[in-house]
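Please look over the sequence and the model below before reading on. The text then walks through a few of its parts.

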Amino acid sequence: MVEASTRLRRIPWRSLAGKSPRSVAGQVFVLQVALVVLLVASAVIALVLQSQRDTRAEAERRSLAVAQTFAHSPGVLDALRTPSPSKVLQPLTEAGRTAAGIDFIVVMDTKGIRYTHPLPDRIGHRFVGTIGPPLAGKTYIESVHGPLGQEVQATVPVRNEGGRVVALVSAGMKVKNVTSLVKRQIPIILIGGAAALGVATGVTALVGRRLRRQTRSLAPDEMRRMYEHHEAVLHSVREGVLIVDDDGRLLLVNDEARRLLDLPPDAEGKLVTQLPGLEADMVELLTSGREASDEVHLAGARLLAVNQRPTDRDGGPKGTVVTLRDSTELQALSGRAETARERLELLYDAGLGIGTTLDVTRTADELARVVVPRFADFVSVDLADGVLRGEEPATTATGMRRVAVRGIQEDSPLYEEGRLIDFLPSTPQARGYDTGHLELVTDLSAEQGWHAQDPKRAAAIVDYGIHSLIAAPIQARGVVLGMVNFWRSKERGSFDEEELSLAEELVARAAVSIDNARRYAREHALAVTLQRSLLPRALPEQNALEVGYRYLPAQSGVSGDWFDVIPLPGGRVALVVGDVVGHGLHAAATMGRLRTAVHNFSTLDVPPDELLSHLDDLAGRIDQDEPCTDAAAAVVGATCLYAIYDPVTRRCAMARAGHLAPALVAPDGSVTFPDLPPGPPLGLGGMPFRTAEFELAEGTQIVLYTDGLIEDRRRDLDVGMDLLRQALAGHPDRPPEQSCQAVLDALLPSRPKDDVALLIARTHALPPDRVADWDVPPDPAAVAGIRLAAAGKLEEWGLTELGFSMELVLSELVTNAIRHGCEPIHVRLIHDRTLICEVSDGTSTSPHLRYAATTEEGGRGLFLVSQMTERWGTRYSPQGKVIWAELSLPGAGSPC
């Protein structure tokens with residue numbers, strides 16, 4: 001009852017009072033209030049009539065009336081459902097008992113246990129009286145001796161909304177208080193009726209409020225107009241609407257859906273499977289009950305976007321509601337948008353895929369790869385022949401070289417790759433080349449100027465199915481470099497005017513890359529030419545070594561790698577290989593300066609470590625004197641390995657400056673890397689260089705190389721060294737030239753990133769019978785014996801023609817050694833490509849050539865030596881010095 005009163009206080013009575021009674025909610029509210037008032041009035045009238053009976057009957061009636069009234073009170077059921085019914089009902093029963101003028105009102109459960117009683121200690125005890133008939137739904141009046149004495153009581157059932165008895169109410173009076181009971185009950189009944197009227201009014205207001213919310217406070221005529229408007233909108237909207245029940249029966253269809261699906265007028269009420277003209281996929285969707293969002297289905301010549309949702313999401317009946325939109329025009333717009341998207345994607349891919357390298361031919365092939373088959377069925381790229389060599393193109397479309405051909409099939413009758421083509425002025429290619437504008441040919445079969453170029457091939461192309469052409473000039477910096485021909489076959493329609501802009505954009509992107517590649521090729525060729533001009537064009541002739549070599553410039557730019565073979569006095573040969581740090585023309589020029597310096601220092605005939613020391617000083621001065629302040633152009637060092645091989649002793653002396661150790665291939669095919677003392681790179685200074693000497697068996701191969709051969713980002717240095725060992729091992733008899741090629745094939749990729757210099761030399765030993773030597777005592781009289789011994793050896797070698805010259809040279813050199821030198825004095829003759837005479841002594845004093853005056857007796861000896869020999873000179877050793885002279889053999893030219 002308390003909760004009910006609380007709800008009543010929350011009801012917006014002002015809104016109820018102001019509500020128009022013409023609405024559905026207002027009419028229901030008025031009807032319910034009138035019914036409650038009628039019921040209360042009827043109860044009061046019935047009690048008044050009962051008061052006219054006798055006293056006992058009046059008491060029974062009054063008790064019965066009170067019990068019935070209380071049992072039927074709207075708040076009783078709510079109170080009984082609370083956890084503690086006594087707390088709610090006890091005050092009400094006591095108030096009702098006092099107001100009604102009766103002695104007790106007892107509310108009990110169906111087992112007779114009291115919820116209320118005038119005596120509180122009796123609550124919870126069993127009711128004194130008969131409860132069987134009330135439990136059966138009957139009213140029972142009796143007289144019992146209860147807690148208050150002799151009582152007259154009426155017991156009535158309390159029913160719930162379903163009509164089931166859930167409690168009992170007993171009201172009664174003591175017999176002595178029966179008199180004047182009616183008078184005391186009338187006010188109570190009136191108050192109870194008013195309370196019931198208030199509760200009923202509140203409940204009615206709540207029901208009316210919900211009904212008003214559901215009907216949106218609409219009056220019947222308004223609801224009728226709304227339904228009419230709904231029908232009008234449903235059938236006039238440009239979107240088809242269908243409602244299909246769970247059995248696949250069409251419940252509702254509007255006019256647009258009927259038009260889009262071409263449904264008959266009597267379609268409503270029929271099964272979807274029975275409707276004529278529906279496509280199978282549409283029938284499957286409408287009967288499946290699944291959700292669908294903008295699915296495209298065919299309905300005759302229309303493309304419909306279909307959405308389908310279930311109708312039972314909020315507890316409604318099972319089924320689906322379907323909406324249809326005609327997307328035929330939208331599909332056409334979508335197709336144009338898709339075409340634009342594909343073109344943008346093609347341009348994007350062209351930007352990424354064209355021009356990945358600075359190679360003209362590869363760039364043309366990349367263009368063909370990107371375009372076929374997304375834009376054209378066949379593509380051919382023709383470049384002016386001079387462009388391939390890095391030159392400027394010709395002014396006419398003659399001398400065009402086909403550098404790329406690609407298509408959806410390999411057997412097309414187009415000109416093959418590599419062919420040189422002279423386009424006639426009447427062809428679209430020639431016209432585009434001359435004007436710099438694109439030429440569109442939508443029907444090749446009718447293009448007479450194109451047919452004139454090669455009638456038989458033109459006919460074969462047309463018969464093959466190629467029917468349309470766009471000839472686009474490759475233009476960069478205002479110069480046309482070549483032509484790109486886009487061809488389409490019967491698999492597609494002809495090119496149109498809209499596609500010219502796409503073709504122009506594609507070719508423009510390729511043109512920049514091709515021009516960059518052409519200019520790079522030209523600059524690279526110039527740089528390589530410069531670098532090659534600084535390298536030896538041919539190796540000098542000598543008998544000590546059989547030499548093979550390779551030099552490969554880097555694809556990314558020239559560098560400072562170099563090698564050299566330098567003949568030395570005494571039949572010896574110097575081998576040198578080096579690498580200037582950095583790339584570009586500056587590195588190549590520095591390499592040329594260092595190579596020249598090595599040649600100059602080698603004339604001093606100094607040991608390898610001493611030569612590297614001189615070279616280190618020179619490299620440091622080059623770096624300091626360089627006027628360029630650009631750090632990228634400055635020389636920060638160079639590496640070098642210098643070796644001297646003597647075929648007489650088979651000794652090889654080596655020293656290195658930051659360079660990799662050489663490989664030695666023994667006559668048995670084994671490969672070793674000698675433990676050569678390390679030294680700092682040239683130009684850094686501060687550390688000495690050291691020479692190591694090895695005795696080599698005849699036929700040993702000395703392999704010198706630069707780091708570009710074995711170093712690679714994809715592998716470690718040890719892996720490269722092992723690959724070099726494998727490429728050299730097991731082939732002791734292979735010529736050095738073949739060994740060079742085998743090493744390059746095994747270690748290098750097709751496009752090396754760095755310069756590579758490789759030098760392989762197979763050693764030869766001078767036969768012992770080609771060498772003669774004598775120790776000379778420090779006595780001038782010994783000179784005659786040496787001349788006589790030398791003459792005998794020359795006669796043995798068949799060189800008697802050189803006897804006079806050799807005797808003169810020996811006399812002078814030995815005499816100088818005896819007079820100005822010290823022991824030990826030694827003479828050695830070597831029969832090689834020249835006749836070599838060497839006189840050594842224990843001093844380091846070097847003789848000097850001078851011109852003697854006419855009155856002087858001495859000073860003419862060395863002058864005579866220089867006149868009689870091809871070359872002469874001095875070299876120093878740890879034991880002293882060696883003065884040598886070379887005489888040309890009879891019938892031989894001057895030594896190189």
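The model is predicted. Helix α17 covers residues 455-464, and its buried residues are Ala-458, Ile-461 and Tyr-464. Seen down the axis of α17, these buried residues fall within an arc of 125°, so they line one face of the helix. An α-helix has 3.6 residues a turn, so residues three or four places apart point the same way. Among the elements that cover the buried residues of α17 are β10 (378-384) and α16 (448-451). On the face turned away from the buried side, α17 carries the exposed residues Pro-455, Lys-456 and Asp-463. Just after α17 comes Gly-465, with a positive phi of about 115°.

The aromatic rings form 5 pairs in this structure. In one of them, the ring centres of Phe-375 and Phe-486 are 5.4 Å apart and the planes stand at 85°, so the pair is edge-to-face. This pair links distant parts of the chain: Phe-375 is in the loop between α13 (360-371) and β10, while Phe-486 is in strand β15 (residues 479-488), 111 residues apart. Both Phe-375 and Phe-486 are buried. Ring pairs also bring in Phe-495, which forms a cluster with Phe-375 and Phe-486. Over the ring of Phe-375 sits the charged end of Arg-488, 5.5 Å from the ring centre.

Another pair joins two strands.

Tyr-549 lies in strand β16 (residues 545-552) and Phe-563 in strand β17 (residues 559-567), so their pair ties together parts that are 14 residues apart in sequence. Tyr-549 is partly exposed, with a relative accessible area of 26%, whereas Phe-563, at 1%, counts as buried.

How values were computed: Residues numbered from 1 in each chain as written. Predicted model: local features only at pLDDT ≥ 70, side-chain atom pairs only at ≥ 80, totals over all residues. Heavy atoms only, no water. Buried < 20%, exposed > 50% of the residue type's maximum accessible area, 1.4 Å probe, protein only. Helix = DSSP H or I, 4+ residues; strand = E, 2+ residues; numbered from the N terminus. Arc of directions from axis to C-beta. Contact = heavy atoms within 4.5 Å. Phe/Tyr/Trp six-rings, centres within 6.5 Å; stacked < 30°, edge-to-face > 60°. Lys NZ or Arg CZ within 6 Å of the ring centre and 35° of its normal.
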